[in-house]
Amino acid sequence: MEERILATARDIEGLYPHVHIWGWPIATYLFLGGLAAGILLFATLYYLNGKENDMPFTVKIAPVFTFFFVAFGSLLLIYDLHHKPYFWRLFTAFRIESPMSWGAWTLASVSILSLLWPLSFVDSIEDYLHRRGWKRMDAITRWIIRMEHRWAPLRWLIMFFRRYRKLFAYLLLFLSIILGIYTGILLSAFNAHPLWNNSILGPLFLTSGVSTGSAFVMWLSNNKKERRLMSIIDMSLIAVELFFIIHMIMGMQAGPEAYKEAARLFLGGQFTVWFWVIFVGFGLVLPFLLEVFEVRGFHVHPAVPALLVLVGGFIFRIIMVYAGQMSEYPFL
Amino acid sequence: MRYAMALDTKKCVGCGDCVVACQTENNVPLGYSRDWITEVVKGQYPDVFLHFESQRCNHCEDTPCVRTCPTGASHVIEGGIVKVTHDECIGCGACIEACPYDARYFHPDGYVDKCTFCDHRVADGLDPACVSVCPTKCMYFGDLDDPDSEISQLLRTREHYTLLPEAGTAPQIYYLK
Ligand code: SF4
Ligand code: SF4
C-alpha cells in the first residue's frame, strides 16, 4: 500500500484535489464550435451539389446564425482567459503543435467567412425571410441591401464573394471540418488526462457537432423535404456516434490502469447516470427512435428530436470537460 | 547542457525549507508555492516506511506544456529549463491541463507561474535557492551532459526513480532511493 499526502501548504485554486480550471465556458465554446461546423458543412456541401434553391434554409439561412455562434464562442473563450489584456498574443503566433493555436486561427477565419457567406446571398435571404414572416431579421436584411446600394466598398465585397463563391465554398467546407475536429482535438491533446487522451475524440466531436448542425436545420427549416433529409442524416450520424462511444470506452478499458480508471467514471463512477441516461439515452437513443418513427410516417414534431440532440450535445461537452479533468494520473 | 536535479530521499526530513527559500527568492504570492513536500507512506503496520519528496516542475525532456501553449509563452531555454514569458501568456490554462505534475498555476496577476530552476541564479553559477538552502544537503543540481558532475556520478552509482514515468514526459528530477 502506498499513500501520498501533501505535507506543505499549497493553497492554490483549481489544482487540488484534481485540476479544475476549465468549466462551462469552454464546454459551451466547444458546443458552439461544433454546431457552427455542422451547419457550415451542410451549407457548403449542398451548395456545391447545386441544391441552393431546393434547400434554401440549409444553404443560405442557417449560416446566418453561425457567425453569431462563433462570435459568442470566441467571446466565451476570451472571458475564460486569466490574462485577458494579452489575448491578442493568440494572433501573433501560429503554433501547429498547439490545438488552441490553430483552433483560434480556424475560428477567426470561419467567423469572417461565415459573415461573408450569407452576405453574398443577401437578396434571396431577404426574399425568404419576407415570405416566412420573420419580420425583424427581414428588416435588418433590407437595411443591409440599402447599404449595399449606397456604399461602394460593401458592394464590391459582395460582388467579389459572389464571383468566387464556389472557391469560398470549398474553403469553408475544409475549414468547417477542421473546426469540428478541433473541438475534440483540443481535449485529446492532453496526455495528462487519460479520459481525453484518445484518438477517437476528434472524430467523435466532429460527428456530434455535425449531428447538432443537422438537428438545427431540422428544427428551424419549414421545408418538408429538407427536414426529412436532415432527419435521415441525423439518424446515421447518431449511429456512428454510438459506435465511436463504445469504441472509446473499450479502448480505455484495454489501456493501462489510469485509462481503466477513466472509463470507470462512466462505468459505475460519478458520471454514469449523466453519461448513459441523460446523454446517451435522452440525447442520442430517444431522438434516434423519434426520427425513425417520423421517417416511417408517424407524426412527430421535428423540434422534439432536434432539441433533444442539441441539448444532448451540449451536455456531452459539459460531461467531457468536467470528467476529463477528474481523470488524472495518481499524483501529488 | 542538460540541467537536472537529484534528491536524496534517505536524507530529506521534510522540513520544507526549500519551499520557503523559493517563496522568498522568487517573490511567490502568499499561499502559493512553486515547490512542495509530499509525504509518502508505504507498507502496512508493522512494516511501514516513510519518505519525503520535495517536488516541483520536472523540467521534462518531452514537454506537453510547451507543446500545447498557443502563444509560445511556455518555452525551453538553454539547459532544458522550462520557462514562461509573462507578457506572452494569455492565461488560457492549456499548459496547466497538460502538466501531469500540478507544477503550474495561475499567478494572481493572471499569467502562469512555475519553478524556473532559479535560472537567474544558475546564470551566475549559483545553485537554485531550494538546493542551496537545504539543511541536510539532500539536493543536487547540475549538468547531466557532463559525466564528471556530481549529479551524473550520483545517478550512475545510486538507485533512483522519477515521478510518473508512465505519463511519458521524461522528467528530469531524480529521487535517489
Ligand atoms: S513538470 Fe509539468 S510544467 Fe514542468 S516541464 Fe514537465 S510538464 Fe511542463
Ligand atoms: S496559460 Fe500561458 S503559458 Fe500556459 S499555455 Fe496558455 S498562454 Fe501558454
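Predicted model: local features only at pLDDT ≥ 70, side-chain atom pairs only at ≥ 80, totals over all residues.
The largest nonpolar core comprises 152 residues, and the members that touch the most others are A:W22, A:W117, A:L187, A:F266, A:F275 and A:M320. Helix α1 of chain A, spanning residues 24-48, supplies the largest share of this core, with 16 residues. A second, separate core of eight residues includes B:A4, B:A6, B:Y174 and B:L176.

Strand β1 of chain B (residues 3-8) is largely enclosed by the rest of the structure, because six of its six residues are buried. In a regular strand, side chains alternate between the two faces of the sheet. In β1(B), B:Y3, B:M5 and B:L7 are buried on one side, and B:A4, B:A6 and B:D8 are buried on the other. This strand runs antiparallel to β8(B) (residues 139-143), to which five bridges join it; B:A4 stands opposite B:G142 there. With β10(B) (residues 173-176), the pairing is parallel and extends over four bridges, and B:A6 has B:Y174 as its bridge partner.

In chain A, A:E126 belongs to helix α4 (residues 122-132). Its relative accessible area is 15%, under the 20% limit, so A:E126 counts as buried. Apart from neighbours within four places in sequence, A:E126 contacts A:D138, A:T141, A:R142 and A:I145.

Technical notes:
Residues numbered from 1 in each chain as written. Chains lettered and ligands numbered in written order. Heavy atoms only, no water. Core = buried A, V, L, I, M, F, W, Y, C linked by side-chain atoms within 4.5 Å. Buried < 20%, exposed > 50% of the residue type's maximum accessible area, 1.4 Å probe, protein only. Helix = DSSP H or I, 4+ residues; strand = E, 2+ residues; numbered from the N terminus. Contact = heavy atoms within 4.5 Å. Pairing = 2+ DSSP bridges.
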